[in-house]
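Hello,

Here is the structure I said I would pass on. My notes on what was found in it follow below.

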Amino acid sequence: MKRLLYIALLLLILPAIAFSRQDDSITSRRLISLMEAAERHEPKALYTLASLLEEGREGLARDTAEALRLYREAADSLYAPAMSYLGYSYMKGNSLVEADADSALYWTQRAAEAGYPAAFNNLGWMLLNPPSGIKKDERKALYWLGKAADAGNGPALSTLGEIALEKGDTVAATADLRKALEHGFTPASASYEELMADSLQRMSAADLLTEAQRFYTRKGAPAFALTLLEKYLPGETRDGSDESDQLDCADRAASAVDRAAYGRGLAMLAFGHAQGIIGYDYDLANELFYRAAKAGDPAAAFILAETLEMQPDLFAPSESGKKDRLSESGQYADRLSEEERVPEYWREKARLAGVTTAREAISLLSPH
């Protein structure tokens with residue numbers, strides 16, 4: 001009977017194999033291999049095929065009943081991801097099953113005991129905030145949350161941070177929330193910023209840049225990192241308006257180190273707006289690239305040179321003479337000298353600092 005099921009599934013995708021492009025054929029061949037592995041009762045294949053059937057992906061018709069059977073077969077074979085997913089499904093209730101606290105605890109605990117990090121967090125959360133019918137056990141909850149945190153689980157780190165905060169341990173709370181953000185759990189940002197607000201206000205440009213770069217990673221929280229720079233970068237006003245002589249950073253970013261950090265912070269913000277990391281805004285990105293280049297950032301200088309090469313009139317005053325293409329207020333057009341309107345001026349500054357290609361410039365500003 002089971003073999004007939006797999007034959008039926010294969011028949012669903014054979015037409016796609018016959019008439020697809022080469023890339024689609026490769027995908028279809030992989031799907032056939034997956035089904036053959038599932039027929040051999042390989043747990044990982046059972047689990048993967050179940051997920052495809054649950055969502056109706058890769059050309060397969062959605063079949064939640066068969067998906068649940070395959071998940072259970074994989075879980076009965078002690079495949080930890082399947083046990084964990086069943087536990088999660090029973091905890092929340094979804095298209096596969098109705099919520100059931102006992103089943104949720106059973107499968108989640110089995111997955112945790114099998115060493116699956118995601119289940120550590122789920123079990124800890126369940127024991128800390130038990131659904132009806134499950135007894136709260138804070139000691140065990142903290143044990144499992146601790147194991148999850150040790151494995152780099154962002155939600156667990158955030159939960160432990162919030163617990164520490166409730167107990168008045170701001171040092172532990174700050175450390176756990178920071179780690180949660182470093183692991184990409186952005187919901188920890190509000191509590192972290194609230195804890196750090198006073199310190200952030202007092203940080204030098206160099207210290208703030210170091211703080212922001214903790215989170216400016218592909219696996220971290222790059223948008224939050226840029227938010228910190230936007231709100232707290234010394235040399236910037238807190239309401240976003242311009243200060244007198246801001247471009248020179250003479251008062252709040254006076255040292256060479258702080259000046260360089262100020263420029264890099266502005267360049268990162270510009271890149272974030274250009275790429276949509278913190279909200280796409282082309283005009284603001286160019287404005288920030290100019291200010292960063294003016295502050296000495298070589299990556300910004302190179303990008304500004306390239307932009308001016310393509311758009312020579314980017315900073316040119318409008319016909320009214322009161323506004324420019326770059327800024328509604330016209331506040332930058334009248335600050336540019338004639339030499340600053342020439343791409344080679346900025347390209348030479350970038351070259352002297354060792355940035356000679358677009359790849360080099362972008363690599364300095366991209367989340368790492």
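**Helix 5 and helix 7**

Ser84, Tyr88 and Met91 of helix 5 are in contact with Ala118, Ala119, Asn122 and Met126 of helix 7. By class, this contact between helix 5 and helix 7 comprises five nonpolar residues, two polar ones and no charged ones. Please keep in mind that the model is predicted.

Two packed helices are described by the angle between their axes and the distance between the axes. Here, helix 5 covers residues 80-92 and helix 7 covers residues 117-128; their axes come within 10 Å and cross at roughly 30°. Angles under 35 degrees count as roughly parallel, and helix 5 and helix 7 are therefore roughly parallel to each other. The crossing of helix 5 and helix 7 is left-handed.

**Alanine 274**

Alanine 274 is in helix 14, which runs over residues 256-275. Leaving aside residues up to four places away in sequence, alanine 274 touches Tyr280, Ala285 and Phe289. For alanine 274 and phenylalanine 289, the separation is 15 residues in sequence and 9.8 Å in space, C-alpha to C-alpha. Is alanine 274 buried, exposed or partly exposed? Its relative accessible area is 30%, so alanine 274 is partly exposed.

**Whole chain**

The protein chain contains 18 helices and zero strands. Of its 368 residues, 46% are buried. When contacts between residues at least 6 apart in sequence are considered, 53% join residues at least 24 apart. The accessible surface of the protein chain is about 18700 Å², with 51% of it belonging to carbon and sulfur atoms.

Regards

How values were computed. Residues numbered from 1 in each chain as written. Predicted model: local features only at pLDDT ≥ 70, side-chain atom pairs only at ≥ 80, totals over all residues. Heavy atoms only, no water. Helix = DSSP H or I, 4+ residues; strand = E, 2+ residues; numbered from the N terminus. Buried < 20%, exposed > 50% of the residue type's maximum accessible area, 1.4 Å probe, protein only. Contact = heavy atoms within 4.5 Å. Axes fitted to C-alpha atoms, helices over the stretch in contact; angles between N-to-C directions. Parallel < 35°, antiparallel > 145°, perpendicular 65-115°, else oblique. Left-handed = near helix turned anticlockwise from the far one by under 90°. Nonpolar A, V, L, I, M, F, W, Y, C, P; charged D, E, K, R; others polar. Areas by Shrake-Rupley, 256 points an atom, 1.4 Å probe, with all protein chains shown as cover.
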